[in-house]
Amino acid sequence: MKTLFAFFMFACVFVQGLESRCLSQLAQDHSQPRLNSSPAPFRIGAKHLPNAIQIQSKVISGGQPEGEQAFRELQHLGVKTIVSVDGAKPQLELAKKYGLRYVHLPHGYDGIGVERSAELAKAVRDLEGPIYIHCHHGQHRSPAAAAVACISVGWVEPESALGILKLAGTNSDYRGLFAAVTGAHRIDDAVLDAMRVDFLEIAKLPPLAEAMVDLDGTYNRMKKVVNATETRTLPNQKSDLAHDALLMREHFKEMMRLESVSKQADAFRGMLKESEADAQILETEIRHWTRHASPGPVPRSVSNALERIRVNCSACHRQYRDSAR
């Protein structure tokens, strides 16, 4: 009888321990993103990777990883290689800290060229995976690049590829990106085998593209401050905002001096001049605001000037950048 009672108690303790470990494992599993074995595209429940979508068992598309938590999340997902199709310079130090390789294969919003498509295909086929392909927000360029690459190596059927763009929320106004996906086809393995690609960590961009990347970064920093209803660390935030306004004005001025811009249409140069003038107004208004030490919301004149620049840039992008030429 004592033996049976002892066995019963042991069984209870064992089951409780097993249940506890299972619950702990389930809690841990639900707190971390996981890759799915299904071939269909799925959203990954990632906290620090914008718009992360598993395209195929080896390929994930998403937004730019920023900060320790994002790179730690990539490491947890088992990612070995990051492919950036964005113009901004990759964060190499953080990637190396978490044992990740960075490859830079940037392309524009107006489409993905034949050569770049083949390079993307060779990257996803030959580089160590899983592979995380990203642009800035993970909404337009990276899902298009991932779809083209996966079609090119035969991992995604062409007729289902538009579903990837739909899931990512790719704007249909980017006709060049949609054309790249619908026009993608299987590339013979022998062709990819014969390709010699120097996968660089940081690619050299054309001067105008590099200037646009710098301008985009400056705008995003300013927008974060302007969006705040009230600034609480005034000396730093105001000073940074004034400095960024100066940088924005200089970005437009330097773009006007580029040889590639001098060959553009009058309407293109006219848009740059308008934005340069608005950047001057923006800087003046911000410097007037920074003379006041008391806390307060960003002046309407500052918000209006920044919004005019955004609208002008968006109009320019639609006409000269986003559509296939």
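This is a predicted model: local features need pLDDT of at least 70, side-chain atom pairs count only at pLDDT 80 or more; totals for chains, interfaces and linings use all residues.
Biologist: What makes Arg 141 and Asp 86 a salt bridge?

Modeller: The rule asks for a side-chain nitrogen of Lys or Arg within 4 Å of a carboxyl oxygen of Asp or Glu. Here the closest N and O atoms are 2.7 Å apart, so the pair meets the cut-off of 4 Å. The two residues are 55 apart in the chain: Arg 141 sits in helix α5 (residues 141-152), Asp 86 in the loop between β4 (81-84) and α3 (92-97). Helices (H or I, at least four residues) and strands (E, at least two) are DSSP runs, numbered from the N terminus. By the salt-bridge rule the count is 15.

Biologist: Why is Glu 119 called buried?

Modeller: Buried means under 20% relative accessible area, exposed over 50%, partly exposed in between (1.4 Å probe, protein chains only). Glu 119 has 12%, so Glu 119 is buried. Its salt-bridge partner is Arg 116, at 2.3 Å, N to O. Arg 116 has 21%, so Arg 116 counts as partly exposed. They are 3 residues apart in helix α4 (residues 114-126), about one helical turn.

Biologist: Why is Arg 186 called partly exposed?

Modeller: Because its relative accessible area is 41%. Asp 189, at 34%, is partly exposed as well. Arg 186 and Asp 189 form a salt bridge, with the closest N and O atoms 3.5 Å apart. Shared partners join Lys 122, Arg 125, Asp 126, Arg 186, Asp 189 and Asp 193 into one network of salt bridges.

Biologist: What makes β1 and β5 edge strands?

Modeller: Two strands pair if DSSP finds at least two bridges between them. The sheet is open, with 6 strands in the order β1-β2-β3-β6-β4-β5 and mixed pairing. β1 (42-43) and β5 (101-104) each have a single partner strand, so one side of each lacks a neighbour in the sheet.

Biologist: How do you know that β1 pairs with β2?

Modeller: 2 bridges join β1 to β2 (residues 53-56), and the strands run antiparallel. The rule needs at least two, so they pair. Arg 43 has Ile 53 as its bridge partner in β2.

Biologist: What makes α5 mostly covered?

Modeller: 12 of its 12 residues are buried. Among what covers them are β2, β3, α4, β6, α6 (162-168) and α7 (175-182).

Biologist: How do you know that the span of α5 is close to the expected one?

Modeller: The expected span is 1.5 Å times one less than the number of residues. α5 has 12 residues, for which 16 Å is expected, and it reaches 16 Å from its first C-alpha to its last.

Biologist: Why does His 140 count as buried?

Modeller: Because its relative accessibility is 12%. His 140 is in the loop between β6 and α5. Beyond four places in sequence, its contacts (heavy atoms within 4.5 Å) include Tyr 109, Cys 135 and Leu 177. A polar atom of its side chain lies 3.2 Å from the backbone nitrogen of Asn 171.

Notes
Residues are numbered from 1 along each chain as its sequence is written. Side-chain values use heavy atoms; hydrogens and water are left out. A polar contact is a pair of N or O atoms within 3.5 Å; within protein, one must be able to donate a hydrogen and the other to accept it, and residues adjacent in sequence count only if both atoms are side-chain atoms.
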